[in-house]
Amino acid sequence: MDFLIYPFLFAVGLVFGSFLNVLIYRFSKGENLKEILSGRSYCPNCKTTIRWYDNIPIISYLVLKGRCRYCGWKIPLRYPLVELLGGLILIMVYWKFHTFGWITVLAYTLFGYILLVLSFVDWYTFTVPDILSIGGTITGWILSFFRADISPLESFLASLTGFGLIVVLIFVYYKLKGVVPLGLGDAKLLALVGAFGGFSVLYCSIFLGSLLALLFFLPQIVRSKSLQFTVPFVPFLSLGAFIGIFCKSLLFLPL
Ligand SMILES: [Zn+2]
């Protein structure tokens, strides 16, 4: 009967995903934390408060055929997508890590959710809210004291390495070329990745993330014949990190 936990967790994850949508929307608008956590969901277009029966993950989107009940505004595909990812992240993490104990499941789920929100916020606004990146990093350190799969020392050192690496890169690049290729947001993201995933996930985030970003932006790089444009890097680093937590045991890394 153990398999029955999966549909249950998936449903719970969908509800979390629905909340993540609210966070993405409000952080992208630059609302402060008090505004973000208070108030009910409303249609971004006509501001009508959304009734509970129009707020059921995935199902409401399908029933309403992707439009607001009141003004007909086309609901972006991002909404059902993030809900779906909320469900998928929870069951994937549970499947892979439930033998490590519930704190590890909680830690990686939270990690996946923070990465998801930060990816979309960076994609839309090129910003990385401190409350999620720095707040998340500190949460990751605290959780590492209760986890069997990572030590507090590794959590802390991997954070420092990720953050330091980007800061050094920014400094060197600035000295050589007079431009800043990456933002401090990317440094804060890697601190978060180190805190939750340790060194192997950090490496995966950096190498796989860079590779994915390079492939994705290759047409743009070829067209403009330079690397001098701003790209949101967080979604790629995040994807690399998330893949990393599932490949941890497959990688032969020094740490
Ligand atoms: Zn509306």
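In this predicted model, the axes of helix α1 (residues 5–28) and α5 come within 9 Å and cross at roughly 30°; axes are lines fitted to C-alpha atoms, for helices over the stretch in contact, and angles run from 0 to 180 degrees between N-to-C directions. Helices are DSSP runs (H or I, at least four residues), numbered from the N terminus. The contact (heavy atoms within 4.5 Å) involves residues of α1 including Phe-16, Leu-20 and Phe-27, and residues of α5 including Leu-116, Phe-120 and Tyr-124.

Of its 24 residues, 18 are buried, so α5 is largely enclosed by the rest of the structure. Buried means under 20% relative accessible area, exposed over 50%, and partly exposed in between (1.4 Å probe, protein chains only).

The zinc ion is coordinated at 2.3 to 2.4 Å by the SG atoms of Cys-43, Cys-46, Cys-68 and Cys-71; donors are N, O and S atoms within 2.8 Å of the metal (3.2 Å for Na, K and Ca). Cys-43 lies in the loop between α2 (33–37) and α3 (59–63) and Cys-71 in the loop between α3 and α4 (78–97), so this pair ties together parts 28 residues apart in sequence. Cys-43 is buried, at 3% relative accessible area, whereas Cys-71 is partly exposed, at 34%.

Residues are numbered from 1 along each chain as its sequence is written, and side-chain values use heavy atoms, without hydrogens or water. Local features need pLDDT of at least 70 and side-chain atom pairs count only at pLDDT 80 or more, while totals for chains, interfaces and linings use all residues.

How values were computed. Helices (H or I, at least four residues) and strands (E, at least two) are DSSP runs, numbered from the N terminus.
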